[in-house]
Amino acid sequence: MAAKKKKVKVQLVKGMKDILPDEQLYWNLIRTKVENFARNYGFSRIDTPIVEATSLFKRTVGEDTDVVSKEMYSFVSQGGDKLSLRPENTAPVVRSYIEHGMLNLPQPVKLFYIGPQFRHDNPQAGRYRQFWQFGFEAIGDEDPVIDAQMIAISYFILKDLGLDIEIQVNSVGDSASRTEYIKILKKYYQDKKKSLCKDCSLRLNKNTLRLLDCKNKKCQELAEETPQMVDHLSEAGKEHFMAVLEYLDELDIKYSLNPKIVRGLDYYTRTAWEIFECSGKEGKLNALGGGGRYDDLVNILGGRETPAIGFAIGIERVIMKMQEAKVEIDKGRGFDIYIAQLGIEARKKALNLFEDLRRAGFSVSENMSKKGLKDQLEAADKKQVKYTLIMGQKEIADGTILIRDMESGVQEIVDYKKVKAEVRKRLDRNIAKNLKLKK
Ligand code: HAM
């Protein structure tokens, strides 16, 4: 007798998430919403690979950021290349923009994406190691109206999905004023070093701005008193930021100024914002997304100076908030026709009838492996079918088929050869009746 193999249970990898059929309704809705906004605002879809050179993220997101220093899935390939699963998608899009000569297209080049990102973070509600983002990037324009439009897209998509949204906005300055501001911050923190949390005392010299958005209570207290970036913007920077805010007022977007929005990635310049859901549990604010200008990024990656701006939103978090807020989701329309069959001969004929009707463009459904009529009618009911076509031995012998109106339960016998016309007639009648009711 062969030795019994020990069964080893293989489970979902920590921090990963299956997206089960029930949840797909949310995903479809979000995808469609994003695609419609993209069309209206003139963004084209871009898909970049999940794997990129590790150096891409080191040079852009920044070696000292948490995302790069702690959270990247990095590995050396069989060929010896240092690669990483992308932790975000702005740097890959800019790489692609440069590599494919999009610098020579009419500017701005407007691109959007929907795809998975990877960060080896501590998993918890709304935080995964593989998570999906949709994002919009407008490369090659520095007009503040573009900033306002990008903020508007991030705001209105989520509002349209039924969420109560607030934007928190800041300006992190151009690189010159930011360098100056970082010096001021370092000076401010110099004699307070001992009161900082462990992470922040390490960050002080390498990633100073992050001290402003540390979640530690003591660090938050210290951050309350810091000099603010907006007071250290250049004249041009101030003007740009004021213009962005004026456009936001014009668009009637709910926003507040938050000097602590510095974003966790190094490439940001000037306008930066985060998107919060504000009707959630206990009125807590939860970041669903964020974005900002990255005017130096194209240049850093070897292209010419090119202003740019973008944002990304975490899809799992949006769905979590939609579920918490009990946003009603359209379960999709039911089917027009269901094919029920009794007996092997009828089943064979039904297989072909299904294909015939499907090819003719009818919205048709079935459960061919079910044998009993009761089971099949129950299934048809669940699928909100309008008419069920029933075929048994008798109908096969007579060359007929039964059409059952699922609402009234009335059944009529029709000539099998005329089934398409008979169904079409009834569906048209149905449409006309509904139109009349609406009037
Ligand atoms: P980010 O703020 O790092 O920005 O990520 C944007 C959003 O992705 C977050 O607000 C959150 O909703 C979602 N997210 C991040 N990490 C996780 C996680 N571990 N689990 C679930 N969701 C997560 C960026 O990624 C920038 N590339 C955005 C951007 C585009 N800036 C300019 N253009």
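**A protein chain and its ligand**

The protein chain has 15 helices and 16 strands, taken as DSSP runs numbered from the N terminus (helices are H or I with at least four residues, strands E with at least two). Its radius of gyration is 29 Å, well over the 22 Å that the globule rule gives for 439 residues, so the chain is more spread out than a compact globule. That radius is taken over C-alpha atoms, and the rule is 2.2 Å times the number of residues to the power 0.38. The C-alpha trace spans about 95 × 75 × 50 Å along its principal axes.

This is a predicted model, in which local features need pLDDT of at least 70 and side-chain atom pairs count only at pLDDT 80 or more, while totals for chains, interfaces and linings use all residues. Residues are numbered from 1 along each chain as its sequence is written, and side-chain values use heavy atoms, with hydrogens and water left out.

Buried residues make up 48% of the 439 in the chain, where buried means under 20% relative accessible area (1.4 Å probe, protein chains only).

Now to the ligand. Around it are 24 residues, of which E88, Y128, E137, Y268 and L288 come nearest; a residue counts as near if one of its heavy atoms lies within 4 Å. Strand 6 (130-139), strand 10 (286-293) and strand 11 (308-314) each supply at least two residues of this shell.

A polar side-chain atom of E137 lies 2.9 Å from a nitrogen atom of the ligand.

Definitions and conventions. A polar contact is a pair of N or O atoms within 3.5 Å; within protein, one must be able to donate a hydrogen and the other to accept it, and residues adjacent in sequence count only if both atoms are side-chain atoms. Buried means under 20% relative accessible area, exposed over 50%, partly exposed in between (1.4 Å probe, protein chains only).
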